[in-house]
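Student: Could we go through this structure together, one question at a time?
Tutor: Gladly! Let's look at it first.

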Amino acid sequence: MPRILVVDDEQSLRLLYKMEFTQDGYDVDVAANADEGIEKVRENTYDVVILDIRMPGKDGLEALGEMLAERRSIKVIINSAYTTYKDNFMSWAAEDYVIKSSDLTELKQKVRKVLDS
Amino acid sequence: MPKRILIADGSPSERAALANLARHAGFAPSEAADLPLLSEAVRAGRYDAVIVNSDLPGMESPGILSEIQRILPSATVLRYTRLSDTEIRIERLDEGVHPPELHTTKERLLDYVKAAMDSDPLDSLINLSNEAIVVTDGDGRITRWSNGASILLGYHRDEIIGLPIDVIRPGLSEPEPESTETGVRLARRKHRDGHILNVELTRTSIAGPEDREIGCMEILRDVTGSIEREREIELLKRFYERVIDTISDGIRVIDAAGGRIVLANMAHVEWTGVSGGEMIGLTSRDVPWGTDSDGNPVSVQELIEKAIDSREPVRAVLNAGPQDASHAGYTDVGAFPMINVDGDVDYVVLVGRDVSEQVHMKALLAAERDRRDQIIRSAPAGIITTDERGVIEFANAHAAEIFGFTDPSELKLRNLFALPEFGHMNIEDGIRATMKTGAPFSIDHAQCTSANGAELTVNVRAQPLYHGNGEIAGVVAVLENVTERLTLLRRLRATTSDLAMLAEIGELIHHSRDTDTILQAILVGVTAGEGLGFNRAFLLETEWETRQLRGKFAIGPADRAEAERIWTELNQKHLNLAQVLYGYQRAIEQKQVRINEIAVDLRLPLEEAENIAARAAIEQQAFLVRGDTDPMLSRNLADKLGTDRFAVVPLIFNDRVEGVIIADNAISGEEITRDDLRSLELFAHQATLAVERAQLYTELEQSLRDLQIAHTQLKESHELTVRNERLAAMGQVAAQVAHEIRNPLVSIGGFARAIRKRLEEDNPLNQYASIIVEETTRLEAILNEVLQFSRPKAQYRTKADLVELVNATLRTMDTEIAERTIKTEVSLPDSPVFAHVDTGQMKQVLRNLIANAIDAIAEHRSSKHRRIGVALNTQPEHLILAVEDTGHGLDEEARKNLFEPFFTTKSTGTGLGLSICRQIVADHGGDILAENNGLGGATFYVMLPRGEEDKNATNPGGGR
């Protein structure tokens, strides 16, 4: 069963993503902030990390850097309400960049694509 | 047994000579050549006498003799000094008595030694002396008498010893105050034969126990002869001194060799403050000849040296004055060398005279003369003096100018009456009368023409000059050139009236913007009685293109009959200039002005050299033509004007000759003066200024209007800026809000979808969930638009085929179009059309325009009105993408605000779509616009510029 980590400060979104991806047959883990996400990545092995950027404290781009330092091979998909971070080269280290939408079709497609590669 | 004598002398020959003498005198001589040998000899042997030459090195010390005496107490010890080849001086050390100095001869030296050894040393010392020495005891009796005394006073020693000293004194008749003092003084002594001698007496007191005088020694020297000579010289000197002291010039005699002042008179007090006597003996260098005005000493040394060197008298005026002088002093000093029999300069006599007064007076006189010359030269009038025949002796520059000469010296020695210019002045008789009778002569405003042709008006005043004997020696004439003053006066009068009229003309011109009216007003001014008062005036316009002067207007009567009619009418009606102008304009319109008809036919080529009007225009100068003999007059012009006497002045506007005015007095025949010409010129100038001012006023009005327009534009531009700023601020707020909304929206929509999935299709709740899903989707779309507007994405342009781009976009919208039963008409080129664009953005633009078109036709039911056309057209410089619809078209407000953000005619939507389109197209360097089409709907055109490389890769064919 593929393991997914969702890092987002919005509790409702964590709940939504956990429900949706669990239903789709993923083993879903969640983290409420960057540090918790990094900690989880250090302790467990995930196939994909869905990472929000704008979070209180450490932001997603910083977390991405630390996660990669922890695990060179980790696959991360950025999921943000902002398009602005696309211009930040740190975001290019992620496998993909998906704008948040209530329609999760695109996000799910991108997760599948990462797992298939 | 012979006495032993030791002779110490440095000179071997002298020593030998003395030794020989000693042997002859019965001595046994020994010799010592120097002080060590002498010392050795004294210690070694017993000598009865020792004589030492004072020249012997080491003998300067007086202690040597005492030392020898101490070693040889019984010996006679003496020192001798050679005074000349024959004379010597002997000094002897003796107990109790200081050794007197004795003068004797070398030959007698040995006698003296012998005597000294044989007897009382003092006796022999005195007795042998050539000096007159007289010694007395305490009672005044003579105890010793030298050989010299015998020679001087005639007594033999044997007869005088024991007699009182009074024997040799002049006697009771001439009592001498007995001085017991030791010293030298003059005294008188009596010779044995009774005559009295003047002597210099050296008295030496001989002290006994307790310093009591026990006797005295007198040495007498005969000075009788020298005293008399000295007295005579003294008297003579005093006489001369008194003589030169009476002279007020400073006199100084300098010893040429030593440079010392040997004589100086009293007058020196005046310069140096020191009397002549005090200066004698000082070096001339130390005594300056007074001080200069700054208090520095003035030396005469140079003068003295010059006189000595040149052996000629030398003179100089020195800047040195008497000490108490109030002003700078001067002294005329002469240095006269005195040449002695050998031809050498032994003295220089300086004679100095105070010449301060003379120098001062001379300077005053020169200054006074300069001042007088200055006054005459710079006097604002011509001044001439002549002799009794009229020959000019003096003339200043102004006089020369009046007669037309550049240099006053040209007038000198010429006869005043022979000057041709003078002949025209009508003053000859007057000046001749002055010369003859002495009566002063004066005349005002005499006319004359100077040698250079200038016409002058001169005021003349003449006065006689007298010889010392009262005869008339000539005249002095003062000529004052008043031409300029008179001209100014006349011009001032003319100007005053001109100005009054000009004010009125100016008023007319000011209220008129019409050039013709202005020019006519000028002509009225030229001819009006209260104006310049010319009979007639013509105005000719310059046509620079055709290079000719063209007649425009003329004013004035055509002949005498008309003149009388007009002038009478004007006199009766008392019209002002404005009324005259109005009447004139009416008359011109009705072609009633006959001379105006002449004027408008006038054509004068500018190139005509003999044409005075053309010259006035080209040279920008006024001319006065005076009759048919005037070389400046062309017959042609005179015929046309009907007169050969007129004035012509150029009219210059803004540095350009716009025309000329010709004015004449053809009717009255009154002469036109130079003043009239000047007035006309001045008037023309003032008139043009007035016109220029009027033009400026018009230009100013135009500038004001331009400014107002600029101001309005600026205001609009400012409003636009403010609005754009407001929009930018709104955009930022919108973006912030959009981001904040997105997260809750995602959860709402996400959970709604989740709910919907779990509900059966026929469950009404499924439908409700769907509504939530759709609404959130719409909200998210709005969010995306807002975000894109507030922060447009960076462009990623690539070379793309627009044909393919249009097709691809249409494909993505196929379903949407089909669902609404809309027909599309697509017109694209057959081959690819390449352009450098951000394909994503361009697709968005096209999608947006098509979506708008779909919305626009939504309300139409008829299939005829449900059409959308898409076309791509290639132009040389542009690519034009057109999207047309059959919708409702655009009203005025929509057209104006179509591309403004947040403007929308739809009930839904953000109003940002077209705004974003415009932004994208503008970012590509293109433009977007919309217009109503013939189908009742609107057509949007997107125009993109074509890059060079894109053009080459494009097939220019195609299009609709």
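Tutor: A crossing of two helices is left-handed if the near helix is turned anticlockwise from the far one by less than a right angle, and right-handed if clockwise. Helices (H or I, at least four residues) and strands (E, at least two) are DSSP runs, numbered from the N terminus. This is a predicted model, where local features need pLDDT of at least 70, side-chain atom pairs count only at pLDDT 80 or more, and totals for chains, interfaces and linings use all residues. Residues are numbered from 1 along each chain as its sequence is written, chains are lettered from A and ligands numbered from 1 in the order in which they are written, and side-chain values use heavy atoms, leaving out hydrogens and water.

Student: Which hand has the crossing of α1(A) and α23(B)?
Tutor: Find helix α1 (residues 11–23) of chain A and helix α23 (residues 674–758) of chain B; their axes come within 9 Å and cross at roughly 35°. Axes are lines fitted to C-alpha atoms, for helices over the stretch in contact, and angles run from 0 to 180 degrees between N-to-C directions. The crossing of α1(A) and α23(B) is left-handed.

Student: How many nonpolar, polar and charged residues are in the contact of α1(A) with α23(B)?
Tutor: Contact means heavy atoms within 4.5 Å. Residues of α1(A) including Leu13(A) and Tyr17(A) meet residues of α23(B), among them Val746(B) and Phe751(B). Ala, Val, Leu, Ile, Met, Phe, Trp, Tyr, Cys and Pro count as nonpolar, Asp, Glu, Lys and Arg as charged, and the others, Gly among them, as polar. The contact of α1(A) with α23(B) therefore divides into eight nonpolar, five polar and three charged.

Student: What area do chain A and chain B bury between them?
Tutor: Here 20 residues of chain A are in contact with 20 residues of chain B. Buried area is the accessible area (1.4 Å probe) that two parts lose on being put together, summed over both. Carbon and sulfur atoms carry 51% of it, and the whole is about 1700 Å².

Student: How far apart in sequence are the parts tied together by Arg82(B) and Asp55(B)?
Tutor: These two form a salt bridge, the closest N and O atoms being 3.7 Å apart. Arg82(B) lies in strand β4 (residues 76–82) and Asp55(B) in the loop between β3 (49–53) and α3 (63–71) of chain B, so the parts tied together are apart by 27 residues.

Student: Which hand has the crossing of α26(B) and α28(B)?
Tutor: The axes of α26 (residues 839–856) and α28 (residues 913–923) of chain B come within 10 Å and cross at roughly 145°. The crossing is left-handed.

Notes. A salt bridge is a side-chain nitrogen of Lys or Arg within 4 Å of a carboxyl oxygen of Asp or Glu.
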